Amino acid sequence: MIGQRQGIIVWLYSLKQAKMLRRFGNVHYVSRKLKYVVLYCDLEDTDALIQKISSYSFVKKVEPSYKPYLKMEFENSAPDKAKEYDYKMGI
């Protein structure tokens, strides 16, 4: 089973070592233009992996994703009356 995961954004000087980051977690996306890699790992291992990855010479910067800590239930999300009327008409 997959537990809680967290994304790590790794900024690189060169993309030659992007394949090497696969051993730290699941590589989700590699941006060739901006030279960064989005990596997913377990939530418990995030701090240790950030320390380890940032120690490499080809890494410019490492940033954790804050999505697991955001509240996803929004307040005051009442639907718009005009849109509600259009949905009832079948448009």
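In what order do the four strands form the open sheet, and is the pairing parallel or antiparallel? The order is β2-β3-β1-β4, and the pairing is antiparallel. Strands pair where DSSP finds at least two bridges between them; helices (H or I, at least four residues) and strands (E, at least two) are DSSP runs, numbered from the N terminus. The edges of the sheet are taken by β2 (26-31) and β4 (59-64); each has a single partner strand, so one side of each lacks a neighbour in the sheet. On average, neighbouring strands are turned by 20 degrees against each other, direction ignored. Axes are lines fitted to C-alpha atoms, for helices over the stretch in contact, and angles run from 0 to 180 degrees between N-to-C directions.

The model is predicted: local features need pLDDT of at least 70, side-chain atom pairs count only at pLDDT 80 or more, and totals for chains, interfaces and linings use all residues. Residues are numbered from 1 along each chain as its sequence is written, and side-chain values use heavy atoms, with hydrogens and water left out.

The secondary structure of the protein chain comprises two helices and four strands, which follow the pattern β-β-β-α-β-α along the sequence. Of the 91 residues in the protein chain, 25% are buried (buried means under 20% relative accessible area, exposed over 50%, partly exposed in between; 1.4 Å probe, protein chains only). Among contacts (heavy atoms within 4.5 Å) between residues at least 6 apart in sequence, 64% join residues at least 24 apart.

Within the sheet, β2 and β3 pair in the antiparallel sense over five bridges, and Val 30 has Val 37 in β3 as its bridge partner. These two strands, β2 and β3, form a hairpin with four residues between them, and Lys 35 in the turn has a positive phi of about 60 degrees. Strand β1 (residues 5-12) is joined to β4 by five bridges, again in the antiparallel sense; here Val 10 has Val 62 in β4 as its bridge partner. Helix α1 (residues 46-54) packs on the sheet and touches β1, β3 (36-42) and β4, its direction making about 170 degrees with that of β4.

The buried residues of α1 are Thr 46, Leu 49, Ile 50 and Ile 53. Because they cover an arc of only 105 degrees around the axis, they lie on the same side of α1; the arc is that of the directions from the helix axis to the C-beta atoms. Their cover includes β1, β3 and β4, whereas Asp 47, Ala 48 and Gln 51 are exposed on the other side of α1.

Rings of Phe, Tyr and Trp (its six-membered ring) pair if their centres lie within 6.5 Å; planes under 30 degrees apart count as stacked, over 60 as edge-to-face and the rest as tilted. By this rule there are four aromatic pairs. The rings of Trp 11 and Tyr 36 have centres 5.1 Å apart and planes at 45 degrees, so this pair is tilted. The pair links distant parts of the chain, with Trp 11 in strand β1 and Tyr 36 in strand β3, 25 residues apart. Trp 11 is partly exposed at 25% relative accessibility, whereas Tyr 36 is buried at 18%. The pair of Tyr 29 and Tyr 36 is also tilted, because the centres are 6.0 Å apart and the planes stand at 50 degrees. Tyr 29 is partly exposed, with a relative accessible area of 43%. Trp 11, Tyr 29 and Tyr 36 form one aromatic cluster.
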